[in-house]
Amino acid sequence: MFGEKSISAVLFWVFALLLLLVIISAVNYIPDLIEDENSLIALNIAPLISYLALLIPLVLLFYAFKKKVLFTKQSIKYLHLFALTNFLATIFNWFTMVSFLDMEYVEVFSLSFPNILLITFAIFLATIFKQGSQIQQENELTI
């Protein structure tokens with residue numbers, strides 16, 4: 001699961017490739033969006049922000065998971081970054097959907113529920129990794 005030749009290494013490259021494709025698509029799409037006077041930029045940028053908020057921290061996280069030592073401060077930092085960026089993207093999407101699409105708050109919450117679960121899961125994982133890091137440091141000091 002973890003280490004240089006592992007599932008984490010494969011997932012690192014898969015998500016890095018996906019991130020590259022999203023960035024290339026954005027570079028091709030944004031100039032057309034800016035020139036179009038009839039489109040709302042915030043409404044069209046919201047999915048891009050969500051993809052970037054998901055993919056950038058995932059690439060960093062799987063990069064940290066490729067290493068031999070799993071419970072590091074870097075892994076904890078990337079888990080917190082994942083939670084924070086997804087939280088901010090969810091807030092931006094809520095604002096966009098309510099303001100520009102006139103969606104009800106219940107609809108917006110139901111669409112954002114998977115993101116809320118991911119954020120919660122990332123915070124739990126960060127806490128587990130923090131405890132694992134402390135145990136690992138204690139074991140290194142004992143040896």
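Biologist: Where is Glu37 found?
Modeller: This is a predicted model, in which local features need pLDDT of at least 70 and side-chain atom pairs count only at pLDDT 80 or more, while totals for chains, interfaces and linings use all residues. Residues are numbered from 1 along each chain as its sequence is written, and side-chain values use heavy atoms, with hydrogens and water left out. Helices (H or I, at least four residues) and strands (E, at least two) are DSSP runs, numbered from the N terminus. On that numbering, Glu37 is found in the loop between helix H1 (7-35) and helix H2 (41-65).

Biologist: Is Glu37 buried or exposed?
Modeller: Buried means under 20% relative accessible area, exposed over 50%, and partly exposed in between (1.4 Å probe, protein chains only). The relative accessible area of Glu37 is 76%, so Glu37 is exposed.

Biologist: Which residues form the negative surface patch?
Modeller: Patches are made of residues with over 30% relative accessible area and no salt bridge, joining like charges within 9 Å and nonpolar side chains (Val, Leu, Ile, Met, Phe, Trp, Tyr) within 5 Å; a salt bridge is a side-chain nitrogen of Lys or Arg within 4 Å of a carboxyl oxygen of Asp or Glu. Lys and Arg count as positive and Asp and Glu as negative, with His and the chain ends not counted, and a charge is placed at NZ of Lys, CZ of Arg, CG of Asp or CD of Glu. The residues of the negative patch are Asp32, Glu35, Asp36 and Glu37.

Biologist: How many Å does helix H3 reach from its first C-alpha to its last?
Modeller: H3 covers residues 73-100, which is 28 residues. The expected span is 1.5 Å times one less than the number of residues. The reach of H3 is close to the expected 40 Å, at 40 Å.

Biologist: Which helix gives the most to the nonpolar patch?
Modeller: The patch covers about 740 Å² and is made by Leu84, Phe87, Leu88, Ile91, Trp94, Phe109, Phe113 and Leu117; accessible areas come from the Shrake-Rupley method with a 1.4 Å probe, and for residues only the protein chains shown count as cover. H3 and helix H4 (105-142) each supply at least two of its residues. With five residues, the largest share comes from H3.

Biologist: What is the relative accessible area of Ile91?
Modeller: Ile91 lies in helix H3. The residue is partly exposed, because its relative accessible area is 36%.

Biologist: What is phi of Asp102 near?
Modeller: Asp102 follows H3 and lies in the loop between H3 and H4. At 62% relative accessibility, Asp102 counts as exposed. Most residues other than glycine have a negative phi. Asp102 is a residue other than glycine with a positive phi, near 50°.

Biologist: What distance separates the C-alpha atoms of Leu101 and Leu43?
Modeller: Leu101 lies in the loop between H3 and H4 and is partly exposed, with a relative accessible area of 43%. Leu101 and Leu43 are 58 residues apart along the chain, and their C-alpha atoms are separated by 8.4 Å.

Biologist: What distance separates the C-alpha atoms of Glu104 and Leu19?
Modeller: Glu104 is found in the loop between H3 and H4, and its relative accessibility of 54% makes it exposed. Glu104 and Leu19 are 85 residues apart along the chain, with a C-alpha separation of 31 Å.
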